[in-house]
Amino acid sequence: MDSRMPRPRHIVIIGGGVIGTTTAYYLTRHPAYNSALHRITLLEATSIAAAASGKAGGLLGLWAYPSCLVPLSYRLHAELAAEHNGAERWGYRRLECVQLTASVEDKDKAPRGSSKTSKKTRRGSAGVAKQSEADNDPTKDQDSVDEQVDWQKLPKQDANESALLHDSVLPKDLDWIDSSLVREYAEMGLPGFTETAQVHPHQFTTAMAALAREAGTEIRVNAKVTSIGIDKPSNTVNSVSFLDRSTGETLTLSDVTDVVVAAGPWTGTLWPKTKVSGLRAHSVVFAADVSPYAVFTDISLPSDWVPAHRLARGEKRRRHRGNVDPEIYARPGGEVYACGEPDASVPLPPTADLVQCDAAQCDDLVAYIATVSPVLAAAAVAARQACYIPRHVRFGRESAPLVGAAGVAGLWIAAGHTCWGVQNGPATGKLMSEFIFDGEARSADVAELDPRKYKV
């Protein structure tokens, strides 16, 4: 057969999150795609956007990372919204992104309008804040150490992005934050370079799935992949087996030519060499209609402050000492999303529908936000939820996502995007379509994300 002639392919995508659905979308939009020759099957263990892709914040920023994906993906988000009416279908819009510090404990003492640099938390090697030296002091009461810990977060900014912030006065329309508590305020820098936008992640992911299905992708939900078949003599993928959770039957797709593993934190379970795992994070959604801002906070609380729900349970110590810094994103449609710290206390469950949500952690988040926002303090909480952030961890350090070919012919990895999966989904999907149909990435240079660097 002429090598230039298109060949039949059966492409199986594992994962119905934002990476899997955008990959399906861009495969069906690729110039080489021919529905008569190419079969695309997406397998999802639960339902579309059931995990982090449905419970994330949906923030898009030119200041995100990794830099090899961000510009392309940010542009593609705008193009997708323009082509498919994203403003209506998935809440795409530009918004202001700001950072502020607030002090609840000394609101009557601290001077306002300070131009000091915002306090930076020391970060651990995996991108999570380290505990202070005092946490390891053997003279401290052990119960206090157990119950009072430093707030931890996965940072969305590094030193370069933080340097782009500049001081400003609190905008008048940011009226859902108590300005009397704000000590420092900064907005993201120059338009065109540090722009910020947003989508509703669940709506975006399900829309991508619907568009891919309309173009010919077969989507199977409740299909938990159990194994990827490899032809050992040729070191090539040839099948995928999965459990139909609706019937309990194990089925096998044969004649498979390509497998894209885009299973988020479950990627490491399917293909351990990826070392992609999950870290649980909680979030809440308020029913409130406020001005369009994404707000990164740094809140200092009184030393004797304890959330009301913990006091009601007889707890006399607050869970965190020092500062807390939840992130708060206004959304169209009368919603405000807020996310808290990650925790490693509960291991990744087999499927997304088995994720445990710790209501007390969500209530902590609500209580912290209430100290600086009377509007949100009075708002109803529409959702308390948890998900697992997919992380690519090597040698104890959080690494860049894996995007590209693995060491087995026909096996592709697209996972480990941390908190920027929604932001970087379109670029990842488009690049995967190029890898498969063109044999190389053409829209961006992502050599640094090559899974083969790690012998995956």
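Three strands form an open sheet in the order β3-β8-β4, and their pairing is antiparallel; two strands pair if DSSP finds at least two bridges between them. Its edge strands, each pairing on one side only, are β3 (59-61) and β4 (93-94). Strands (E, at least two residues) and helices (H or I, at least four) are DSSP runs numbered from the N terminus.

This is a predicted model, in which local features need pLDDT of at least 70 and side-chain atom pairs count only at pLDDT 80 or more, while totals for chains, interfaces and linings use all residues. Residues are numbered from 1 along each chain as its sequence is written, and side-chain values use heavy atoms, with hydrogens and water left out.

Within the sheet, three bridges join β3 to β8 (residues 196-198) in the antiparallel sense. Leucine 59 has glutamine 198 in β8 as its bridge partner. Helix α3 lies across β3, β4 and β8, and runs at about 120° to β3.

Helix α3 (residues 70-84) also packs with helix α1 (residues 18-29), at an angle of about 70° and with the axes 14 Å apart. The two helices are therefore roughly perpendicular, a term for angles of 65 to 115 degrees. On the α1 side, Tyr25, Tyr26 and Arg29 meet Leu76, Leu80, Glu83 and His84 of α3, where contact means heavy atoms within 4.5 Å. By class, four nonpolar, one polar and two charged residues make this contact.

The mean pLDDT (the predictor's confidence in each residue, from 0 to 100) is 87 for the protein, and 84% of its residues reach 70 or more. Over residues 107-146, pLDDT stays under 50.

How values were computed:
Axes are lines fitted to C-alpha atoms, for helices over the stretch in contact, and angles run from 0 to 180 degrees between N-to-C directions. Angles under 35 degrees count as roughly parallel, over 145 as roughly antiparallel, 65 to 115 as roughly perpendicular and the rest as oblique. Ala, Val, Leu, Ile, Met, Phe, Trp, Tyr, Cys and Pro count as nonpolar, Asp, Glu, Lys and Arg as charged, and the others, Gly among them, as polar.
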